[in-house]
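Visitor: I am new to reading protein models. Could you take me through this one, a question at a time?

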Amino acid sequence: MHYENSTNSIFSTFLVTGIPGLEAVYIWISIPFSVMFFMTLVGNMTIIAIIWREQTLHVPMYLFLAMLAASDLGLSLFTFPTMLRIFWLDAREITFSACFTQMFFIHTFQDFESAVILAMAFDRYVAISYPLHYSSILTHSVIAKIGVAIAVRTFTVQVPLPVLLRRLCFCRSNALSHSYCLHPDILKLSCSNTRINSIFGLFVLLSTMGLDFLLILISYILILKTVLSIASHGGRLKALNTCISHLCAVILFFTPMICLSILHRFGPKLPSHIYVTLANMHFLIPPVMNPIVYVVKTKPIQDKILKLFIKKGSGKSKVTFIT
C-alpha cells in the first residue's frame, strides 16, 4: 500500500465497480452500452448542430434545447468511457485526482442539466400563460443571462466539493459502489470526519436540484391553472401537447436521482446492484433518450434533420452523375 500525500491515505487509487455479479459477461454487456454511447453522441451533436446552423431555430425553446443537449453530451463523456473501460479492459483503478476531477464534471453537468430543465419549464410557462408577450419576455439577451446565471451557480457550488475532499483520509476501503466517482460514494470510504462534507453536499443538492425540482412543480401548477382556464377542449390539448417532451425530460432526470439520493443518505443498506442500477438510469438514460424524445415530438427539428440528410443525399447523387 502507498500513501497519498494530498489526503494522507493508505491508498493511492480508488477502484470503480462495474455491474456486480455479471463480470463473466462484461464483453457482451459492453455492446448495448457502446450503442447507447454512440446514440448519445450522434443524437446530441446533431441537435446542437441543427440549432446552431438554422437561424429559424434561434428561439428560446430551441436554444434551451441546445443547452440541454450540451449538458447531456458532457455528462455522457464523463460516464460512458469509464464504464466501457471496465467492460473491455477490466481497468478499475482511478487515481484520487482523476476521481475528484471526474466527480466534479459529473456533478457540474448534472446541476447544469437540472437548471436547464428548470429554464425550459419557465419557457413553457411563459409560452402558455403569456403567448402575446413571449418574444418580448424571453429575448436573446435574457436567454444569455439565464445561461450565464446557470453556469455561475453551477461552478460556485461545485468547486468546493473536490477541494473539501482533499483534506480527507481514505483508509477503510478504496472500492467505490459505482462505475464512476460520485460525491456521496467517495464520502463513504473516508475514515475522517466527513460532517462538513456531508452538510455541504446536502446543501448543494437541496439548493440546486432540490430547488429546481420544486420550482418546476410550481411552474407546472401555474401552467395547469392556465390550461384549465382555456375554453376549448382542443386548445387545452394543444397547450399540454407542447409540454410533453419537457415532462419526459423531467421524469427521466429527476426520478432516479431522487431515489438514489434518498437511499444514499437515509435509506437502509441495500444490495449494491440497486444503487448501480439507479445511478446508471440517472446518468446514462437521459442523454440517450432526450434527443429521441425531442426529435420525435418536435416537428421543426424533424424537418431540419430530414432536410439535412436529403440535401446530403442529393449532393452525393449529383457527384456520382457528373463523374
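Visitor: Is Tyr-180 buried or exposed?

Guide: This is a predicted model, in which local features need pLDDT of at least 70, side-chain atom pairs count only at pLDDT 80 or more, and totals for chains, interfaces and linings use all residues. Residues are numbered from 1 along each chain as its sequence is written, and side-chain values use heavy atoms, with hydrogens and water left out. Buried means under 20% relative accessible area, exposed over 50%, and partly exposed in between, with a 1.4 Å probe and protein chains only. Tyr-180 has a relative accessible area of 0%, so this residue is buried.

Visitor: How many aromatic pairs does the structure hold?

Guide: Rings of Phe, Tyr and Trp (its six-membered ring) pair if their centres lie within 6.5 Å; planes under 30 degrees apart count as stacked, over 60 as edge-to-face and the rest as tilted. One of the pairs is Tyr-125 with Tyr-130, at 5.9 Å centre to centre and 85° between the planes, which is edge-to-face. The number of aromatic pairs in the structure is 18.

Visitor: What kind of pair do the rings of Tyr-180 and Phe-283 form?

Guide: Phe-283 is buried, with a relative accessible area of 2%. The ring centres of Tyr-180 and Phe-283 are 5.6 Å apart and the planes stand at 75°, so the pair is edge-to-face.

Visitor: How many residues apart in sequence are the parts that Tyr-180 and Phe-283 tie together?

Guide: Helices (H or I, at least four residues) and strands (E, at least two) are DSSP runs, numbered from the N terminus. Tyr-180 lies in the loop between α7 (160-165) and α8 (183-187), and Phe-283 lies in helix α12 (residues 272-297). The pair therefore ties together parts whose separation in sequence is 103 residues.

Visitor: How many salt bridges does a search of the whole structure find?

Guide: A salt bridge is a side-chain nitrogen of Lys or Arg within 4 Å of a carboxyl oxygen of Asp or Glu. Among them is the one between Arg-124 and Asp-123, with the closest N and O atoms 2.8 Å apart. The search of the whole structure gives a total of 4.

Visitor: How many residues apart in sequence are the parts tied together by Lys-304 and Glu-54?

Guide: The side chains of Lys-304 and Glu-54 meet in a salt bridge at 3.5 Å, N to O. Lys-304 is in helix α13 (residues 299-322) and Glu-54 is in the loop between α1 (26-53) and α2 (60-77), so the parts they tie together are separated in sequence by 250 residues.

Visitor: Which helix holds Arg-153, the salt-bridge partner of Asp-212?

Guide: The closest N and O atoms of Asp-212 and Arg-153 are 2.9 Å apart. Asp-212 is buried at 0% relative accessibility, whereas Arg-153 is partly exposed, with a relative accessible area of 23%. Asp-212 lies in helix α9 (residues 195-228), and Arg-153 lies in helix α6 (residues 140-158).

Visitor: Which side chain of opposite charge is nearest to Asp-72?

Guide: Asp-72 is found in helix α2. Lys and Arg count as positive and Asp and Glu as negative, while His and the chain ends are not counted. Asp-72 is buried yet has no salt bridge; at 14 Å, the nearest side chain of opposite charge is that of Arg-153.

Visitor: Is Ala-24 buried or exposed?

Guide: Ala-24 is found in the loop between β1 (13-15) and α1. Ala-24 and Phe-87 are 63 residues apart in sequence and 9.9 Å apart in space, C-alpha to C-alpha. At 79% relative accessibility, Ala-24 counts as exposed.
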